[in-house]
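Please look over the model below before reading my points.

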2 protein chains.
Amino acid sequence: MEEEEAKTDNQQELLQRRKNAILVDGVILNGPVADAKAGEKFVEEASKIIMEEVIKKAADVSEKVCEWHPPEKLKTLLDLELKDLGETHQKLLQFCQDVIKFSVKTNHPRFFNQLYAGIDYYSLGARFITEALNPSVYTYEVSPVFLLVEEVVLKKMIEFIGWEEGDGIFNPGGSVSNMYAMNLARYKYCPDIKEKGLSGMPRLVLFTSEECHYSVKKAASFLGLGTQNVYFIKCDERGKMIPEELEKQVQRARKEGSAPFFVSATAGTTVLGAFDPLDEIADICERHDLWLHVDASWGGSALLSRKHRRLLHGIHRANSVAWNPHKMLMAGIQCCALLVKDSSDLLKRCYSANASYLFQQDKFYDISYDTGDKSIQCSRRADAFKFWMTWKALGTVGLEERVNRALALARYLVDEIKKREGFQLLLEPEYANVCFWYIPPSLRNMGKGHEFWEKLHHVAPVIKERMVKKGSMMLGYQPHQGKVNFFRQVIISPQVIREDIDFLLNEIDSLGKDL
Amino acid sequence: MEEEEAKTDNQQELLQRRKNAILVDGVILNGPVADAKAGEKFVEEASKIIMEEVIKKAADVSEKVCEWHPPEKLKTLLDLELKDLGETHQKLLQFCQDVIKFSVKTNHPRFFNQLYAGIDYYSLGARFITEALNPSVYTYEVSPVFLLVEEVVLKKMIEFIGWEEGDGIFNPGGSVSNMYAMNLARYKYCPDIKEKGLSGMPRLVLFTSEECHYSVKKAASFLGLGTQNVYFIKCDERGKMIPEELEKQVQRARKEGSAPFFVSATAGTTVLGAFDPLDEIADICERHDLWLHVDASWGGSALLSRKHRRLLHGIHRANSVAWNPHKMLMAGIQCCALLVKDSSDLLKRCYSANASYLFQQDKFYDISYDTGDKSIQCSRRADAFKFWMTWKALGTVGLEERVNRALALARYLVDEIKKREGFQLLLEPEYANVCFWYIPPSLRNMGKGHEFWEKLHHVAPVIKERMVKKGSMMLGYQPHQGKVNFFRQVIISPQVIREDIDFLLNEIDSLGKDL
């Protein structure tokens with residue numbers, strides 16, 4: 001009743017406005033066109049759906065990880081077409097329901113498919129705040145709080161790396177962080193390249209392990225260095241770069257007359273979770289005056305654990321570090337920092353373009369907080385804030401506990417794999433990646449010759465298809481460095497319990513035992 | 001009472017778990033460590049604060065745009081430090097309040113400071129969904145809905161550009177979109193560069209207007225081309241690239257023996273809102289076989305208006321277009337598409353690295369939806385979805401209305417400026433950027449010599465300082481191309497009404513009349 005009266009009042013008001021209309025170019029300029037009350041109502045209703053269908057179900061293993069349909073089928077289930085006229089709120093809320101229904105629940109306790117998983121409630125609250133405030137983090141003028149927060153978070157991350165000072169910037173992804181680092185190293189090597197470019201320069205060469213993330217190659221191509229000038233260094237059987245091989249390749253590059261400038265070591269490789277021996281690599285970089293970058297996008301979070309930080313021994317000797325709190329620390333996609341040891345404003349000198357419309361020099365506050373010119377982006381999201389909120393909520397001790405627990409669960413999984421028939425580890429893991437084969441009964445008594453591996457190669461994809469269609473869990477598989485398809489189980493979320501690990505192994509067996 | 005009982009139950013359960021504890025590496029693996037109920041409660045409480053303090057106040061002009069403090073003061077008002085132990089929920093919710101309180105309300109109807117502003121309720125609902133679902137858009141396997149949505153949105157944007165087919169990718173920013181385009185053009189020009197790099201290549205040269213966005217320069221530097229190889233083309237007095245000057249510069253480059261490959265025209269320049277004459281530029285590009293990119297990050301949205309799309313006449317002849325729906329169309333930061341006319345999979349050929357752990361070739365569905373290899377990023381946000389939701393809610397007609405209304409309000413502002421004493425337009429605007437000087441009474445009778453301009457230069461910064469400290473509104477100023485500091489008013493939000501424009505002019509006068 002009250003609502004109806006309000007509606008009538010609204011209509012009266014609208015009519016009144018139309019009567020006093022000011023028309024410019026045929027547009028009535030009195031009163032806003034957007035109906036704020038209706039808009040607020042929509043957000044409220046959508047938020048309720050999110051709370052019920054996503055957040056409250058995040059800890060419930062009886063829910064499906066995904067209600068999966070192939071692309072053509074899913075298109076018929078969703079009304080995706082964009083039309084001339086808008087839809088009703090009722091229809092829009094139905095879209096919200098459907099989008100959630102048919103999306104993968106990456107926060108489900110049995111989603112093990114990527115290097116992110118789970119739900120962090122504190123980060124999520126912060127993410128809702130930034131979406132609502134819609135800031136862009138380039139000047140203190142428009143993002144005072146978020147710039148201060150970023151400063152604090154970067155400082156703390158730098159402390160955990162073990163540098164006395166440093167600089168950094170949150171940016172959209174580990175891949176982009178690696179690009180930032182490569183370009184920064186190049187600028188340090190030869191500042192002229194910023195203005196003159198690479199034409200006429202000697203061939204610049206960089207080094208990374210054959211187990212590195214593919215973004216190193218992408219970066220070399222994007223930055224105009226060329227993928228052929230990425231020299232891939234051999235790894236040992238655990239996936240760690242062999243320092244002697246690096247030394248050899250650097251010498252080879254020198255002999256060829258090219259210009260070695262950059263080494264990207266990996267702390268936590270994508271597939272195997274291996275850590276390069278940073279201290280030994282740092283020795284080589286020092287000797288040859290090479291920039292040492294550590295891609296710790298995945299492994300950096302181990303720095304927060306007093307027990308596991310030895311995995312990154314020597315990281316304080318790096319010139320730059322990429323570290324994604326959106327992975328193991330669950331800050332939400334995306335939350336990625338590039339950290340730089342230099343504190344002589346190298347980042348700014350390398351990236352600045354001094355746009356006068358943003359970075360006015362006659363501002364009334366300390367413009368050292370206008371960090372936008374350290375970035376390749378113009379508008380930039382407030383990604384540090386969500387991580388700050390989680391850190392505030394859990395404290396360093398709580399973050400450490402998460403890391404320790406994830407690695408303990410990985411250890412438990414390894415022990416279980418060793419106990420069970422039909423499961424075989426690829427290698428003893430260092431981190432949260434557990435790589436293993438499931439060998440169905442039909443292959444168990446076969447000799448491990450060509451036929452065995454050929455057949456085994458087809459096992460994981462079928463089990464994956466079955467689990468996705470069933471919706472019971474999700475974990476990834478891949479072939480890798482000559483090894484046939486195997487599963488890569490990654491444990492992150494504190495919602496994961498021992499029973500989920502048991503379930504995982506039982507489910508693989510149950511889905512694959514007929515193969 | 002009920003709550004307390006529940007609490008006791010919880011504690012009982014915890015005790016029970018500890019008794020049956022399975023210890024691995026000193027970590028108890030029974031039961032989750034994260035308290036889901038408490039987490040949900042936090043999100044619920046934070047959401048309430050967001051609704052009350054951000055969303056419901058977004059349409060309220062009596063609220064301050066910002067409660068501004070200088071950095072050192074603000075640090076003392078916020079407890080930013082990251083500690084060993086976590087904080088209570090009460091404290092965390094207080095942080096939420098404080099962060100909102102001291103942040104700039106970019107959705108306030110009187111926030112005119114950047115090329116984004118206002119609140120779109122539908123986009124916001126969608127943004128909450130993606131934050132809660134936390135997807136990464138690289139494979140259909142993990143992002144089925146968001147990949148289909150992206151396909152539909154790109155197709156529709158391509159239709160509005162006027163191409164029959166095409167390709168595209170949402171990415172983090174107009175700056176990054178421009179980089180994508182430049183690299184794509186380079187790849188098209190000489191595919192070998194991807195592998196071999198630029199060393200030994202002739203000097204590649206690109207062209208853009210002197211009014212272009214600074215990201216073109218940043219891109220040239222980042223991609224190893226060098227800022228000196230960006231040839232800046234003169235503009236006419238309205239800020240539009242002069243085609244004859246482009247022709248001259250291309251010929252100059254050829255004469256120098258360098259390799260021209262790329263023209264970046266601008267549709268909607270950042271400061272003046274000028275549109276380059278695309279059709280004439282396209283003629284030149286065709287003649288010289290140059291890739292034509294249009295940076296329509298800001299101006300692209302005019303394509304949705306039947307009345308204003310003539311501003312981009314000729315855009316269908318471009319090879320690529322950058323277009324940010326997070327600007328005029330209010331999709332929320334960030335929402336940026338790079339659109340490419342080529343439909344021979346150039347984007348994928350240029351960017352692919354074929355990571356076997358993500359893009360397995362033996363998947364059970366149509367892997368053409370695994371678009372992650374078209375991107376320089378690995379994890380990628382579902383930015384298309386929020387724009388899709390707004391488009392669904394308003395329809396094309398509603399989006400068109402927004403554009404028309406923003407431009408009509410700009411027109412109204414121009415008329416008012418012409419009427420009022422002490423206000424002077426820099427130029428007749430084409431788009432939503434209205435650039436003007438406020439001349440305080442003390443300068444009004446002065447001859448327009450050096451002293452006048454020198455004094456006028458200091459007016460805008462003082463008014464800006466006063467308005468920010470008062471919190472009444474926010475608009476930007478800058479010096480530009482030899483012109484002393486002037487205001488740039490940008491109108492976007494449908495919440496802005498005629499009265500806000502009147503207020504703006506009155507407020508400037510009131511804040512600056514003593515200068």
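1. Conventions. This is a predicted model: local features need pLDDT of at least 70, side-chain atom pairs count only at pLDDT 80 or more, and totals for chains, interfaces and linings use all residues. Residues are numbered from 1 along each chain as its sequence is written, chains are lettered from A and ligands numbered from 1 in the order in which they are written, and side-chain values use heavy atoms, with hydrogens and water left out.

2. Chain A overall. The C-alpha trace of chain A spans about 85 × 65 × 45 Å along its principal axes. Chain A holds 17 helices and 14 strands. Helices (H or I, at least four residues) and strands (E, at least two) are DSSP runs, numbered from the N terminus. Of its 515 residues, 66% count as buried. Buried means under 20% relative accessible area, exposed over 50%, and partly exposed in between (1.4 Å probe, protein chains only).

3. Take contacts in chain A between residues at least 6 apart in sequence: 71% of them join residues at least 24 apart. Contact means heavy atoms within 4.5 Å. Chain A exposes about 18,000 Å², and carbon and sulfur atoms supply 48% of that area. Areas come from the Shrake-Rupley method with a 1.4 Å probe; for residues, only the protein chains shown count as cover. Chain A carries 67 positive and 71 negative charges, and their mean positions are 4 Å apart. Lys and Arg count as positive, Asp and Glu as negative; His and the chain ends are not counted. Each charge is placed at NZ of Lys, CZ of Arg, CG of Asp or CD of Glu.

4. Strand S4 of chain A. How many of the 5 residues of S4(A) are buried? The count is 5 of 5 for this strand (residues 167–171), so the rest of the structure largely encloses it. In a regular strand, side chains alternate between the two faces of the sheet. Both faces of S4(A) are covered: Asp167(A), Ile169(A) and Asn171(A) are buried on one side, Gly168(A) and Phe170(A) on the other. S4(A) pairs with strand S10(A) (residues 336–340) in the antiparallel sense, over 5 bridges. Two strands pair if DSSP finds at least two bridges between them. Within this pair, Gly168(A) stands opposite Leu339(A).

5. Strand S7 of chain A. Strand S7(A) (residues 259–266) is mostly covered, with 8 of its 8 residues buried. Strand S5(A) (residues 204–209) pairs with S7(A) in the parallel sense over 5 bridges. There, Val205(A) has Pro260(A) as its bridge partner. S7(A) also pairs in the parallel sense with strand S8(A) (residues 291–295), over 5 bridges. In that pairing Ala265(A) stands opposite Val294(A).

6. An open sheet in chain B. Five strands run in the order S3-S13-S14-S12-S11 (chain B), with mixed pairing. Strands S3 (111–112) and S11 (423–425) of chain B stand at the edges with a single partner strand each, so one side of each has no neighbour in the sheet. Strands S12(B) (residues 433–438) and S14(B) (residues 483–490) run antiparallel, joined by 4 bridges. Val434(B) stands opposite Gln489(B) in S14(B).

7. Glu40(A). This residue lies in helix H2(A) (residues 36–55). Glu40(A) is buried, at a relative accessible area of 4%. Leaving aside neighbours within four places in sequence, Glu40(A) is in contact with Met51(B), Ile55(B), Lys56(B) and Tyr121(B).

8. Two loop residues. Lys341(B) sits between strand S10 (336–340) and helix H12 (346–351) of chain B. Lys341(B) is partly exposed, at 34% relative accessibility. Beyond four places in sequence, Lys341(B) touches residues including Trp163(B), Glu165(B) and His316(B). Gln361(A) is in the loop between helix H12 (346–351) and helix H13 (383–419) of chain A. Gln361(A) is exposed, with a relative accessible area of 63%.
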